[in-house]
Amino acid sequence: MPGVRLQPCGDSALLITLAETIDPAINARVHALAARLRAAQAPGLGEAVPAYGALLVHYDATRLDYPAVEAVVSSAAEALETQAAAPARQVVIPVVYGGAAGPDLGFVARHTGLTPAAVVQLHTSREYRVYLMGFTPGFPYLGELDERLVVPRLETPRLRVPAGSVGLAGRQTGIYPLESPGGWRLIGRTDLTLFDPAAPEPFRLAPGDLVRFVAVE
């Protein structure tokens, strides 16, 4: 895979950097490589954690040394060059916009010069890639927003953001899977459970998924 940089990260992880930018095509390659490494099931190879343009691969240093891990990763990266990309899973998220569910919808409208209805229309008008998961279990970083919806974070984060809240920050949108502090601008809320630790599949969304929001009453 051209342009890939491999480097040790601590004594039991390897960092694979494809690019230092937020780009859907680069991120798709990150997730494809993560899937390839999971499918390889190499003894001693651990979790592959994707970011925007990089992938952190953990390994058991008592079973594999760094050169061996580097060889596995290099082989998987080379194989991707001739492998067709797998289709992304599409997920629909129903959202109640505004009111108590979206207390910042009015601010977003004023800041952008749009009406609240136009903000909702733009937010629901495209699919968003799950670039990565983080912050809290199951929190998806989704992008990218229409540039007309770009707004700053809150100057002072809220101490309690309800689970299911849909927020905006910069060129991204996200969904709070748990009640937690947070500084994103809240425009709506979904009743779907994004994280259930007791379920066989705890996370509703996964990196690489494509998400579309649908407005509901």
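In the predicted model, D146 has a relative accessible area of 9% and is therefore buried. This residue meets R148 in a salt bridge, with 2.8 Å from N to O, and a further salt bridge joins the side chains of D146 and R126 at 3.8 Å. Because R126 lies in the loop between helix 4 (116-123) and strand 6, and D146 in the loop between strand 7 (140-143) and strand 8 (158-161), the latter pair ties together parts that are 20 residues apart in sequence. R126, D146 and R148 are thus linked in a network of salt bridges, in which R126 is partly exposed at a relative accessible area of 28% and R148 is partly exposed at 47%.

The count of salt bridges comes to seven, and one of them is formed by R89 and D209, whose closest N and O atoms are 2.5 Å apart. This pair links distant parts of the chain, 120 residues apart, with R89 in the loop between helix 2 and strand 5 and D209 in the loop between strand 12 (185-189) and strand 13 (210-215). R89 counts as partly exposed at 43% relative accessibility, whereas D209, at 5%, counts as buried.

In helix 1, the buried residues are I26, N27, V30, H31, L33, A34 and L37. Seen down the helix axis, the buried residues of helix 1 fall within an arc of 155°, so they line one face of the helix. Among the elements that cover these residues are strand 2 (13-17), strand 3 (45-50) and helix 2 (66-80).

Terms used. Residues are numbered from 1 along each chain as its sequence is written. This is a predicted model: local features need pLDDT of at least 70, side-chain atom pairs count only at pLDDT 80 or more; totals for chains, interfaces and linings use all residues. Side-chain values use heavy atoms; hydrogens and water are left out. Buried means under 20% relative accessible area, exposed over 50%, partly exposed in between (1.4 Å probe, protein chains only). Helices (H or I, at least four residues) and strands (E, at least two) are DSSP runs, numbered from the N terminus. The arc is that of the directions from the helix axis to the C-beta atoms. Contact means heavy atoms within 4.5 Å. A salt bridge is a side-chain nitrogen of Lys or Arg within 4 Å of a carboxyl oxygen of Asp or Glu.
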